[in-house]
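Subject: Structure for your review

Dear colleague,

Please find the structure below, together with its sequence. My notes on what was found in it follow directly after.

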Amino acid sequence: MQDQVNFRHLDTDIILSLIEMINEAPICLIVLSNSCKILEINQSGVEMLEFKNKFSMIGTDFLAFIPDDQKEKFEQHLIAANKNEKAGTVLNLSTKKGNKKWMEIFSSSYQLEDNKKAIVSLIHDVDKRVKIKEELAKNKEALIETERLSALGEFASGLAHEINNPLTIIKTKTSLLSEKQKMGILSQEEITSYLEVINQTVDRTHAIVNNLRNVTRRQGNEEELELIPLKKVFQNTLTICKEKFNKAGIKIENKISDNTKALAQNVQLSQVFINLLNNSFSALASLDEKWILVESHEMDTKVRISITDSGKGIEPKIARKIMEPFYTTKQVGEGTGLGLSISSRIMNSFDGRIFYNSKKPNTQFVLEFNK
Amino acid sequence: METKKVLIAEDEAMIAAMWREAFSLHDCEVVLAKNGLDAIEILGNQSFDLLITDLRMPEKDGYALIKHIEEKRINLPIVVCSGYIEDEALLNQNASVKLLLKKPVDIGKEVQNLIQEINPKPNS
């Protein structure tokens, strides 16, 4: 090739300084034969692969550094290089000492003087980078999990109340039954009515626990969308959190029409409702007028659910950012700033969307679904 | 023995009805209030020997009701019965609060004990 440097025309000094540069470069430079034997390697490469010196490496098989699970990826990489596609690949290489490190490799085909083909590769240690990336991904996942649990935790206290009430009913009814029996003042009708109450109360407790299980259960994305009754999903979500809203004096009105159905997923949608209700809860705390109104709006191929609260809307400069992950107006420790971004992600997974409707005098979020 | 009057502030109708039933077995007169606000209104024109109150209620909650009773210096022993009692602070900070009952409770048994408290023993 004409544009290649012909070393024979260069001064010895220049050649020596070039060799020194190649050896000192903070990157592994390696020449491999067609059968992947090491023909040449610079000093950085020797150190990177944890050899004592370069002479013990020359002629050895480069494939020895590539663990079995990475071999196919490496072969693909070589095929690309032979086609002169300068593709880069990240491989988990195993050094001479058996340490595994993530390395990025760039290769291209190279013509030797005897017309044989070789591969020239640059190998760069990206182990730290890859590990940091993995760590970040893991943290993000953990944070999303935390958000899910905190939404749940906020309702846990209300839930305890919800369950302790029916338990009080059962406990007292059974005790009254035996007390009255001892006193000899228990009629057949009373027995029937007591047992009926106990039975209904068990069903009610079961319904509460069931709803909780729906919200906490993890579900993969592979779960298929189905046409679900939106009013019922909202009502179920309310059963596990209405206590908290009642206590705060927030009236929630569910005006979703009975037959409104949309393509969604029960549990995930419940999470969206919880996130929006939670946001309203925080926003309404300081207001005198406290209500949340949930309505459905049928369109040709879509259904919209609007969740409006008595708040007076969101400032435009804040409204622009609310869907961004980690954006929060709550005090440190009170919100993760993930509620709306998770809701948005969930709505996207339904092929729908969530948006803030700035055209209303009150704060309104709209969920749009396909039907 | 004069009839004792008990006020129950409880938003859960079924539980309120059980308090009524249990106290009635001991010949007490029972008045039910759906929430704190309701109870405050009733306290405005009737006097009672005992108040049983829940904490979490719509309109005015149990805390607000207790505060009202203390501020107005109404002489009324209070029993708090709730599934949401996190600490003993209520008992320590409010002289009127005599007892904390954590749900789930056996209302029948609790009423038996409470009756002993509000009816002075014959020889004392």
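The contact between the two chains draws 17 residues from chain A and 19 residues from chain B. On the side of chain A that touches chain B, the elements giving two or more residues are α4 (127-183) and α6 (230-247) of chain A. Of these, α4(A) gives the most, with 13 residues. Sorted by class, this side of chain A has 4 nonpolar, 9 polar and 4 charged residues.

Please bear in mind that this is a predicted model. It scores ipTM 0.76 and pTM 0.48. For chain B, the mean pLDDT is 88, and 93% of the residues in that chain reach 70 or more.

Sheet of chain B

Chain B holds an open sheet of 5 strands in the order β2-β1-β3-β4-β5, with parallel pairing. Its edge strands are β2 (29-33) and β5 (97-102) of chain B, each of which pairs on one side only. On average, neighbouring strands of this sheet are turned by 20° against each other, direction ignored. Within the sheet, strand β3 (residues 50-53) and strand β4 (residues 78-82) of chain B pair in the parallel sense over 3 bridges. One residue pair to inspect here is Ile52(B), whose bridge partner in β4(B) is Val79(B).

Helices of chain B

Helix α1 (residues 13-25) of chain B lies across β1 (5-9), β2 and β3 of that chain, and runs at about 170° to β2(B). The helix α1(B) also meets helix α5 (residues 107-118) of chain B: their axes come within 9 Å and cross at roughly 45°. Because of that angle, α1(B) is oblique to α5(B). The crossing in which α1(B) passes α5(B) is right-handed.

Which residues meet where α1(B) and α5(B) come together? From α1(B) they are Met18(B), Trp19(B), Ala22(B) and Phe23(B), and from α5(B) they are Ile107(B), Gly108(B) and Val111(B). By class, this contact of α1(B) with α5(B) has 6 nonpolar residues, 1 polar residue and no charged residues.

Strands of chain A

In chain A, strand β12 (residues 363-370) pairs in the antiparallel sense with strand β11 (residues 353-356) over 4 bridges. The strands β11(A) and β12(A) form a hairpin, with 6 residues between them.

With kind regards

Definitions and conventions: Residues are numbered from 1 along each chain as its sequence is written. Chains are lettered from A and ligands numbered from 1 in the order in which they are written. This is a predicted model: local features need pLDDT of at least 70, side-chain atom pairs count only at pLDDT 80 or more; totals for chains, interfaces and linings use all residues. Two strands pair if DSSP finds at least two bridges between them. Axes are lines fitted to C-alpha atoms, for helices over the stretch in contact, and angles run from 0 to 180 degrees between N-to-C directions. Two residues are in contact if their C-beta atoms, placed from the backbone, lie within 7 Å. Ala, Val, Leu, Ile, Met, Phe, Trp, Tyr, Cys and Pro count as nonpolar, Asp, Glu, Lys and Arg as charged, and the others, Gly among them, as polar. pLDDT is the predictor's confidence in each residue, from 0 to 100. Angles under 35 degrees count as roughly parallel, over 145 as roughly antiparallel, 65 to 115 as roughly perpendicular and the rest as oblique. A crossing is left-handed if the near helix is turned anticlockwise from the far one by less than a right angle, and right-handed if clockwise.
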